[in-house]
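User: Hi! Could you walk me through a few local features of this protein once it is on screen?

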Amino acid sequence: MTPRKVAIGAMFVLVVIVAATLARQGRDAKPLPGHSLRYLGERRGVLIGTAVRGDVLRGNRAYRQLVAEQFSTLTPENEMKWETTEPTRGSFNFGPGDEIVDAARGANQDVRGHTLVWYSQYPAWLNDLSAKELAAATREHIQRLVGRYAGRVGVWDVVNEAIADGGNLRPSIFLRRLGAGYIASAFVAAREADPHAKLYINEIGAESIGPKSNQLLELVRSLRVAGVPIDGVGFQVHSNLRGVPDDFVANARRFKALGLDVAITEADVGLKLPADEAALREQAAVYRTIVRDCLAMGCKSLTFWGFTDGRSWIPETQAGMGAATLLDEALRPKPAFLAVQQALAGR
């Protein structure tokens, strides 16, 4: 084959790929069966949300339509994290976050800001700061970010994953250089920037009563006693076929007894790939339990960490795992979607 024919062939393949991509982006979503999740949730007094990716929300019409139709709240997956919003000190990048906030407003949706202080996905320039400089930079970052969205972002995950699995505070640049007081300082800075936003601590793997949730309970109790403005606790509930702990509701009620709101903030149910029909049915049963537990504990909101297997963090970060969400790659409902609908409807 001559170089000219190779070049023509390569160009043809590229044109086909681009055309297919544009077709997917411009295609309307196929209607999902039954009432929307947001409608069913609102009837039960709980907001149903999803994490979204701004680039997909912008570029995929069907994805965008289903986000608007099915969900009452949006959580930006990465667009409000520190490495995105302030990649260099004092130079803020609000564009990706603005895009999601504007989309939510157009669909009459609330936004959950995620996240202000986390041991991961922070910009590298923080590593070069002294303790005094880090404290000042953290306060400035929180106030600039929360202040920008005051009145438009109603809930913030202020501190994310502060507790290690063993029950101690998680090692991080913030704990090492600022001490445990960094948590209270973050909440105070966020409240000053927006007196009306709900402020949460968000934790992974704390669903069951044990060392981790006990430490979290003691932490939030001490913050409340000290007058720190914390309003709620978010349970992430990244699950698999082992399911949700039997004592999840009892555990969450311990936090509610302190006068705090509780929410499920990042739910998904990962499967080993390839997932067969039996695994999908088991997954649906786990999702049904998550919804029922949310309703039983009186949670304020239930957010799925993505809603389509075509746009999920699980296969990107966990080799051999995936199929973790409510819809498949083609945006068709899986048994999990129908189970969530039924649980919200009280069936």
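This is a predicted model: local features need pLDDT of at least 70, side-chain atom pairs count only at pLDDT 80 or more; totals for chains, interfaces and linings use all residues.

User: In which sense do strand 1 and strand 2 pair?

Analyst: Residues are numbered from 1 along each chain as its sequence is written, and side-chain values use heavy atoms, with hydrogens and water left out. Helices (H or I, at least four residues) and strands (E, at least two) are DSSP runs numbered from the N terminus, and two strands pair if DSSP finds at least two bridges between them. Strand 2 covers residues 73-76, where Pro 76 stands opposite Val 52, and over four bridges the sense of the pairing is parallel.

User: Which elements do the buried residues of helix 14 pack against?

Analyst: Helix 14 (residues 335-344) is mostly covered, with seven of its 10 residues buried. Among them are Phe 337, Val 340 and Leu 344. With contact meaning heavy atoms within 4.5 Å, the buried residues pack against helix 2 (37-44), strand 1, helix 4 (61-70), helix 12 and strand 10.

User: Is Asn 202 buried or exposed, and which side chain does a polar contact of 2.8 Å join to Asn 202?

Analyst: Asn 202 lies in strand 5 (residues 198-203), and its relative accessibility is 0%, so Asn 202 counts as buried. Leaving aside neighbours within four places in sequence, its contacts include His 114, Asp 157 and Glu 266. A polar contact is a pair of N or O atoms within 3.5 Å; within protein, one must be able to donate a hydrogen and the other to accept it, and residues adjacent in sequence count only if both atoms are side-chain atoms. At 2.8 Å, the side chain joined to that of Asn 202 belongs to Asn 160.

User: What is near 85° at Gly 346?

Analyst: Gly 346 follows helix 14. The positive angle at Gly 346 is phi.

Note on methods: Buried means under 20% relative accessible area, exposed over 50%, partly exposed in between (1.4 Å probe, protein chains only).
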